[in-house]
Amino acid sequence: MALQGPIPVTFEMVFPHGCYIVGEVAPVKDFDASTNGRFVQARDKQAGELVWQVSVMDADPTVKAAQKTVAVKILSPVQPVPPAPMPGLPFTPVEFDQMTVTPYVNANGRLAYSIRVREMRAPRPVGKPSSAKDAA
């Protein structure tokens with residue numbers, strides 16, 4: 001099979017209505033390497049980069065309330081900084097570049113996706129297409 005490992009996608013494919021940050025950027029714990037009282041941050045198995053996580057809310061009005069908030073993992077050597085808040089908005093809009101999704105079966109036996117990205121940034125002005133490298 002040609003598809004193996006993470007599947008490259010664009011931001012528009014995953015969040016066609018956009019998304020908003022609803023949590024802090026935090027390091028992801030490596031549960032195998034961490035011990036009582038000793039936190040070890042996870043590293044991506046393929047890239048070796050540190051893994052960070054941020055919760056975002058999908059702006060798609062058709063998504064059920066229980067599925068609106070998703071975790072996005074960011075691969076970066078340093079803690080990513082969210083874009084600046086926009087005046088008049090209760091949440092900060094965000095976009096991601098170089099996205100991949102990895103399908104898996106969750107604890108409830110349902111298909112779910114792990115979203116990993118390389119970059120977090122403020123949204124592009126409307127009408128500016130994303131570059132081909134965003135899906136790499």
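Strands, as named here, are DSSP runs of E with at least two residues, while helices are runs of H or I with at least four, and both are numbered from the N terminus. What you're looking at is a predicted model, where local features need pLDDT of at least 70, side-chain atom pairs count only at pLDDT 80 or more, and totals for chains, interfaces and linings use all residues. Residues are numbered from 1 along each chain as its sequence is written, and side-chain values use heavy atoms, with hydrogens and water left out.

Let's start with the pockets. A pocket is an open set of points on a 1 Å grid over the protein atoms alone, where a 1.4 Å probe fits and protein lies on both sides within 12 Å along at least five of seven lines; its lining residues have an atom within 4 Å of a point. Volume is the space filled by probe spheres set on the points, which are joined across faces, edges and corners. The largest pocket comes to about 720 Å³. It has 24 lining residues, and those closest to its centre are Gln 67, Val 70, Ala 112, Tyr 113 and Ile 115. Strand β8 gives the largest share of that lining, five residues.

The second largest pocket has a volume of about 600 Å³. Closest to its centre, out of 24 lining residues, are Asp 44, Lys 45, Gln 46, Val 51 and Arg 116. Here too β8 supplies the largest share, three residues.

Two of those names, Asp 44 and Arg 116, also pair up in a salt bridge, at 2.9 Å from N to O. (A salt bridge puts a side-chain nitrogen of Lys or Arg within 4 Å of a carboxyl oxygen of Asp or Glu.) Arg 116 sits in β8 (residues 111-117) and Asp 44 in the loop between β3 (26-27) and β4 (51-58), so the bridge ties together parts 72 residues apart in sequence. Asp 44 is buried at 7% relative accessibility, whereas Arg 116 is partly exposed at 23%. (Buried is under 20% relative accessible area, exposed is over 50%, and partly exposed is in between, with a 1.4 Å probe and protein chains only.)

Asp 97 is buried at 4%, and Arg 121 is buried at 14%. Through shared partners, salt bridges join Glu 95, Asp 97, Arg 121 and Arg 124 into one network.
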